[in-house]
Amino acid sequence: MEEKVYPSFSLSSLGFGPSASSRNPLPPSPAPVEVLITEEESLLESSVEPIVIADGLTLHKGRVSTSDVFGLANSDLVPGKYEGGLKLWEGSLDLVKRLHSEVHKGELVLRGKSVLELGCGHGLPGIFAGLEGASVIHFQDFNAEVLRNLTIPNVKVNVQKHLNQHESLPINKSSTPRTPSVRFFAGDWNEVHQLLLCRSNSGQQTATVSGSEGKLYDGYDVILMAETVYEPSSLSSLYALGKKCLQHPLGVIYMAGKKHYFGVGGGTRQFVNLVEEDGVMTASLLAEVADGSSNVREVWKFMFK
């Protein structure tokens, strides 16, 4: 059977969008806030869709409309109000596939690591990290509504299906991994660092994470981001946040996105240029994807020099 492709072909998936010059001034960004998990967030079974990432790896995602959540007609993006988090973008799947490949080859270890997914939307890369044994997974999105209505339900359904799958296997209880610390944060990249595990100016982080037995964190071991580089004006904020929140000197950032977002102006190469001009981190191209479902996409890896 032919594998189903997500998302469907559209002009927006080709990278076309409103030009930056035609946009109105953006409204003030909401204050950063932690979105707490409650019993209310859930997905109807009929709205849950399986996504085959690789042999032996299937993740699940919900389907939520912008009309239901924001009262907007079907839209990929409303700058300053809705940043596209309800749509599953191709780069998110590219990133999960690359992470899966590196874990399978022994090039990446996620077990016991602290992970942050920026601009998470559906949260599939962060969910994959959790299923691979990450001890801390923090999800960030511009919109609290996206976290409540999609990210948190996605995390719940994937964890439950994972537990159901392993309950039928003869697993030694002593080898069962601990439940990770999972938290969700909404806010603009210029301000959300106030809530995250970011390094202080002195390079020391005194924050602890619930369930981490008092462990101190000096930033995140791994930062994930997919389709976050479409808006040129936000690239500096995104890069600054990544540097501030990444564990020094061994942390790593994985970024997936379109090489160019035509009509918007951003793209992976603009972000890479920013990194290279700064001179603090190395940039490595891991994968180039030209499958016809969008314009050319890339997966990059960044580390401190």
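Hi everyone. Some ground rules before we start. Residues are numbered from 1 along each chain as its sequence is written, and side-chain values use heavy atoms, with hydrogens and water left out. Because the model is predicted, local features need a pLDDT of at least 70 and side-chain atom pairs count only at pLDDT 80 or more, while totals for chains, interfaces and linings use all residues.

Let's begin with confidence. pLDDT is the predictor's confidence in each residue, from 0 to 100. The chain averages 83, and 79% of the residues score at least 70. Residues 1–22 stay under 50, and the model has 48 contacts for them beyond four places in sequence; a contact means heavy atoms within 4.5 Å. The pLDDT is also below 50 over residues 201–206, a stretch with ten contacts beyond near neighbours in sequence.

Now the overall picture. The chain has six helices and ten strands. These are DSSP runs, numbered from the N terminus: helices are H or I with at least four residues, strands are E with at least two. Of the 305 residues, 49% are buried. Buried means under 20% relative accessible area, exposed means over 50%, and partly exposed is in between (1.4 Å probe, protein chains only). If we take contacts between residues at least 6 apart in sequence, 70% of them join residues at least 24 apart.

Please find helix H6, residues 268–278. Which of its residues are buried? They are Thr268, Phe271, Val272 and Val275. Seen down the axis of H6, these buried residues fall within an arc of 100 degrees, so they line one face of the helix. The arc is taken from the directions from the helix axis to the C-beta atoms.

Just after H6, Gly279 takes a positive phi of about 80 degrees.

On to salt bridges, where a side-chain nitrogen of Lys or Arg sits within 4 Å of a carboxyl oxygen of Asp or Glu. How many does the structure hold? There are ten, and I'll show you some of them.

Two involve H6. Asp278 pairs with Lys243 at 3.0 Å, N to O. Asp278 is in H6 and Lys243 in H5, so this pair ties together parts that are 35 residues apart in sequence. Both are partly exposed: Asp278 has a relative accessible area of 32%, and Lys243 has 21%.

Arg269 forms a salt bridge with Glu298, with the closest N and O atoms 2.6 Å apart. That links H6 to strand S10, 29 residues apart. Arg269 is partly exposed at 28%, whereas Glu298 is buried at 0%.

Next, Lys258 and Glu90 meet at 3.2 Å, N to O. Lys258 lies in strand S8 and Glu90 in helix H2 (residues 90–104), so the pair ties together parts that are 168 residues apart in sequence.

Finally, Glu49, Lys61 and Arg63 are linked in a network of salt bridges.
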